[in-house]
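Subject: Structure handover

Hi,

Here is the structure for you to open. My notes on what turned up follow below it.

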2 protein chains.
Amino acid sequence: MKNKINFNTSDLEKMEKQTVVHLINSLGGFKSVALAGTSDLQGNTNLSVFSSLFHIGANPPLVGMIFRPSPPERDTLRNILSTGFYTLNHINEQIYRQAHQTSARYDRNVSEFDAACLTEEYKNDFFAPFVKQSNIQLAVEYKEKIDITINNTTLVIGEIVQIFIPGDCLGDDGFVDLEKANTITCSGLDSYHKTVRLDRLSYAKPDREITSLLDR
Amino acid sequence: MKNKINFNTSDLEKMEKQTVVHLINSLGGFKSVALAGTSDLQGNTNLSVFSSLFHIGANPPLVGMIFRPSPPERDTLRNILSTGFYTLNHINEQIYRQAHQTSARYDRNVSEFDAACLTEEYKNDFFAPFVKQSNIQLAVEYKEKIDITINNTTLVIGEIVQIFIPGDCLGDDGFVDLEKANTITCSGLDSYHKTVRLDRLSYAKPDREITSLLDR
């Protein structure tokens, strides 16, 4: 690896805007990426890829997502706020190109499910559509919206109320093997990656060496 | 892959608490993981691994982190609030075990840099210590704290004011090749993964097929 190069705030200000967007989106590291499925009250569905998903807490089980003040995310946000429900569907190697296609700015009357050839799935009386091709599916109930005024974005917090996972991907301790479920990750705006496990490590304590949980 | 199993809210309530923690932490997908370096006003340093890092926006360049209401994250949060500065240091395959070790609950007078055998690096007059072994290093200025009352956590928002990246990992368009920089990702509480790129995809438009940016 070559020597490090250094940029500061004034260097960023001199760069082209789109270059900064790529750069800063990359620096946050590998990201969780999922398809958010919603429907309006008339049953018109919407599907959009999000790479701003993050864990907020386990008890209650809460996830957060950041919404930018621009389309196509507007349909998703409007549907979440008006109906109170959405689904989050993990993306696998078989569907990541279709998932990326949902980021195109389709007209409001077009369902990205159709445009990206992904299949709506309804189950357990949940209002919002799941993505049938997704191996890990979450039903989420809207809880709270927090305006982040510093850059005009919105944090939406939801509670996971239903979980669908392949039976053989769940460990005895509750750990879900995302690699076995073929879940992928992304970096920057447009780069998709599968993963190779390095290790699972024991709970860290000051006076004890870390061990691998896989050797057991 | 086996048939899906299904859990709902009442199933989660019946599970052991630690099982739910593993399960819900896994379901958010692959996560960004980094070491947050801080110092108090007396120069006592602190280092802690965070897997709750996320991109908030590129202009201004903002990153968010979620703090739970428990140690050892308290030292980091206190230092950020009292000094206004912290570093975020990407984790690579060579240091992920040491990074995990920083999650142990050390006494306040112990620096996790020493305990985990990682090296403090000071440069460009930035107040907080970087991790010398990290290939991608960010200097961050504290901007805002938002209390998430629903589960008593805290969102800390900071602006990236300096960037250090290996020269050969930066593309012409601003994209940073995290794989080349050896940055890793994590899942659940304790699982670490390297990545294998699937593709970089073109900007999606409604009337055009996605192409690979790597074929060019």
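Start at B:Asn152, which sits in the loop between S9 and S10 of chain B. Elements here are DSSP runs, numbered from the N terminus: helices are H or I with at least four residues, strands are E with at least two. The phi of B:Asn152 is positive, about 60°, although the residue is not a glycine. Is B:Asn152 buried or exposed? It is exposed, with 11 other C-beta atoms within 10 Å. The cut-offs: a residue is buried if 20 or more other C-beta atoms lie within 10 Å of its own, exposed if 12 or fewer, and partly exposed in between, with C-beta atoms placed from the backbone.

Some ground rules. This is a predicted model, in which local features need pLDDT of at least 70, side-chain atom pairs count only at pLDDT 80 or more, and totals for chains, interfaces and linings use all residues. Residues are numbered from 1 along each chain as its sequence is written, while chains are lettered from A and ligands numbered from 1 in the order in which they are written.

On confidence, chain A averages a pLDDT of 95, and 97% of the residues score at least 70. (pLDDT is the predictor's confidence in each residue, from 0 to 100.) The model has an ipTM of 0.95 and a pTM of 0.96.

B:Cys117 is another non-glycine residue with a positive phi, near 55°. Look for B:Cys117 in the loop between helix H5 (112-115) and strand S7 (120-121) of chain B. B:Cys117 is exposed, with 10 other C-beta atoms within 10 Å.

Now the cis bonds. In chain A, the peptide bond from A:Asn59 to A:Pro60 is cis, with omega near 0°. A:Pro60 lies in the loop between strand S5 (54-58) and strand S6 (61-67) of chain A. In chain B, B:Asn59 and B:Pro60 are joined by a cis peptide bond, with omega about 0°. B:Pro60 falls in the loop between S4 and strand S5 (62-67) of chain B.

S5(A) and S6(A) make a hairpin with 2 residues between them. They pair in the antiparallel sense over 4 bridges. (Two strands pair if DSSP finds at least two bridges between them.) Within this pairing, A:Gly57 is opposite A:Leu62 of S6(A). S5(A) is largely enclosed by the rest of the structure, because 5 of its 5 residues are buried.

**How the two chains relate**

Chain A superposes on chain B by a rotation of 180° with 0.0 Å of shift along the axis, at an RMSD of 0.0 Å. That is the relation of a two-fold axis. The C-alpha of chain A nearest the axis belongs to A:Thr195, 2.1 Å from it. The superposition is by least squares on the C-alpha atoms of residues with pLDDT of at least 70 in both copies.

How many residues are in contact across the two chains? The count is 99 residues of chain A and 98 residues of chain B. Contact means C-beta atoms, placed from the backbone, within 7 Å. The side of chain A that touches chain B has 50 nonpolar, 32 polar and 17 charged residues. Here Ala, Val, Leu, Ile, Met, Phe, Trp, Tyr, Cys and Pro count as nonpolar, Asp, Glu, Lys and Arg as charged, and the others, Gly among them, as polar. The copies meet through the same surface, because 99% of the interface residues of chain A are also interface residues in chain B.

**Strands and a helix at the join**

Strand S11 (residues 153-166) of chain A pairs with strand S1 (residues 4-8) of chain B, antiparallel, over 5 bridges. A:Pro166 has B:Lys4 as its bridge partner in S1(B).

There is also an open sheet of 5 strands, in the order S2(A)-S12(A)-S13(A)-S12(B)-S11(B), with antiparallel pairing. Its edge strands are S2 (31-32) of chain A and S11 (185-187) of chain B, each pairing on one side only. S11(B) pairs with S12 (residues 191-200) of chain B over 3 bridges, in the antiparallel sense. There, B:Cys186 stands opposite B:Tyr192.

Last, helix H2 (residues 17-27) of chain A. It is largely enclosed by the rest of the structure, because 8 of its 11 residues are buried. Among them are A:Val20, A:His22 and A:Leu27. The buried residues of H2(A) pack against elements of both chains, including helix H1 (9-14) of chain A and strand S9 (137-148) of chain B. Just after H2(A), A:Gly29 has a positive phi of about 90°.

Best wishes
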